Amino acid sequence: MVSRLTCLTLAGLLAVSAWPPAAAQTGARLAADKGCYNCHGDPPKKKTPSFATLAKDYAQYQGQPDKEAALAEQLRTGSFFGHVDAHERLSAEDARALVRWIVSGSPPP
Ligand code: HEC
């Protein structure tokens, strides 16, 4: 029981240290690169949430790399809602980096 808990704690620490808060600027640049601002820009397109709005929603996931990974996969596999090509074209790494950027407040470049 105790050792199992210790293992989980260690795994959590490892997961966190494997994902240091990457350079925020990279996130914004990646988002621009992938055309995310076409819809999530300011003003955003129709009902699309702006990155600032998303960042507010996602702030609750700070320090939760598992949740971050799950959100990235959901985005990439289109399981949130209907199809958005730009979401589904993302590589696992890019989706992860972009979600991490949003969780960290989606700071501009
Ligand atoms: C063609 C327009 C369009 C483009 C381009 C686009 N998105 Fe989206 N995105 C949307 C819409 C519309 C929603 C909200 C759909 C809803 O909530 O029903 C959304 C939702 C999201 C969400 C919120 C998912 C949730 O509900 O938690 C994230 C995160 C996101 N987009 C990230 C991105 C990223 C990163 C890019 C660039 C790779 C991108 N989007 C490009 C239209 C777009």
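Begin by selecting Y37: its relative accessibility of 31% makes this residue partly exposed, a class lying between buried (under 20% relative accessible area) and exposed (over 50%), computed with a 1.4 Å probe on protein chains only. The model is predicted, so read it with its limits: local features need pLDDT of at least 70, side-chain atom pairs count only at pLDDT 80 or more, and totals for chains, interfaces and linings use all residues. Residues are numbered from 1 along each chain as its sequence is written, and side-chain values use heavy atoms, with hydrogens and water left out.

Next, display the aromatic rings. Rings of Phe, Tyr and Trp (its six-membered ring) pair if their centres lie within 6.5 Å; planes under 30 degrees apart are stacked, over 60 edge-to-face, and the rest tilted. Because Y37 belongs to helix α3 (residues 37-40) and F51 to helix α4 (residues 51-58), the contact ties together parts 14 residues apart in sequence. Helices here are DSSP runs (H or I, at least four residues), numbered from the N terminus.

Stay on F51, which is buried at 7% relative accessibility. Now select W101: its ring and that of F51 have centres 5.0 Å apart and planes at 70°, so this pair is also edge-to-face. The pair links distant parts of the chain, F51 in helix α4 and W101 in helix α7 (residues 92-103), 50 residues apart. W101 is buried, at 3% relative accessibility.

Finally, show Y37, F51 and W101 together: they form one aromatic cluster.

Definitions and conventions: Helices (H or I, at least four residues) and strands (E, at least two) are DSSP runs, numbered from the N terminus.
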